[in-house]
Amino acid sequence: EVQLVESGGELVQPGGSLRLTCTASGVDFDLYAMGWFRQAPGKEREGVTSISSDGLIYYSDSVKGRFTISSDSAKNTVYLQMNNLKPEDTAVYYCAPIVFLQTVPPKMINVLHVWGQGTQVTVAA
């Protein structure tokens, strides 16, 4: 049984930082890369970043240089360090096992189609 639990989101001022945590029970990190998605009000859910068991890392252009993904396979846990936050980062953030769809450009998708409750990040003064 796959269970995804995200935590760490809160209200933060522009320029501030947050660290999100995702515990992925029932997911083999040797078989699946893990990724973070986000969904802002009125917008579709989008892939933000991912990390694979062999250390390959992806960041979307909107967060590259500001966010850092990391993982602890022994704890089945993925982290997202978010720095220099902007109002446009406001969204519900989700963690899930992922693959990249072979589109142009490649699209990050939730391979098991299971979602957690997400954690709300609000960036505002």
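Guide: Start with a definition. Two strands pair if DSSP finds at least two bridges between them. Keep in mind that this is a predicted model.

R19 stands opposite Q81 in β8. The strands here are β3 and β8 (residues 77–82), and they run antiparallel, joined by six bridges. β3 (residues 18–25) also has β1 (residues 3–7) as an antiparallel partner, this time through five bridges. There, L4 has A24 in β3 as its bridge partner.

Now to the rings. A pair of aromatic rings is described by two things: the distance of the centres and the angle of the planes. Centres must lie within 6.5 Å to count. By that rule, there are three aromatic pairs. Take F37 and W115: their centres are 5.1 Å apart, with 80° between the planes. Planes over 60 degrees apart count as edge-to-face, so F37 and W115 form an edge-to-face pair. F37 belongs to strand β4 (residues 33–39), while W115 is in the loop between β10 (107–110) and β11 (119–123), so this contact ties together parts 78 residues apart in sequence.

F37 has 4%, so F37 counts as buried. W115 has 33%, so W115 is partly exposed.

W115 has another ring partner, Y94. This pair is edge-to-face too, at 5.7 Å centre to centre and 75° between the planes. Y94 sits in strand β9 (residues 91–101), and W115 in the loop between β10 and β11, so the pair links parts of the chain 21 residues apart. Y94 has a relative accessible area of 11%, so Y94 is buried.

R45 lies over the face of W115, 3.5 Å from the ring centre. R45 also lies over the face of Y94, at 4.4 Å from that ring centre.

β9 and β10 form a hairpin, with five residues between them. Four bridges pair these strands in the antiparallel sense.

β10 has two faces. In a regular strand the side chains alternate between the two faces of the sheet. On β10, M108 and N110 make the covered face, and K107 and I109 the uncovered one.

R45 and β10 come up again at the largest pocket. Its volume is about 290 Å³. Of its 15 lining residues, R45, E46, G47, K107 and M108 lie nearest the centre. The elements giving two or more residues to this lining are β5 (46–51) and β10. β10 gives the most, with four residues. What kinds of residue make up the lining? Eight are nonpolar, three polar and four charged.

For contrast, look at D61, in the loop between β6 (57–59) and β7 (67–72). The cut-off for exposed is over 50%. D61 has 73% relative accessibility, so D61 counts as exposed. D61 and V27 are 34 residues apart in sequence, and their C-alpha atoms are 27 Å apart in space.

Definitions and conventions. Residues numbered from 1 in each chain as written. Predicted model: local features only at pLDDT ≥ 70, side-chain atom pairs only at ≥ 80, totals over all residues. Heavy atoms only, no water. Buried < 20%, exposed > 50% of the residue type's maximum accessible area, 1.4 Å probe, protein only. Phe/Tyr/Trp six-rings, centres within 6.5 Å; stacked < 30°, edge-to-face > 60°. Lys NZ or Arg CZ within 6 Å of the ring centre and 35° of its normal. 1 Å grid on protein atoms, 1.4 Å probe; cavity = no way out; pocket = protein on both sides within 12 Å on 5 of 7 lines; lining within 4 Å. Points joined across faces, edges and corners; volume = space filled by probe spheres on them. Nonpolar A, V, L, I, M, F, W, Y, C, P; charged D, E, K, R; others polar.
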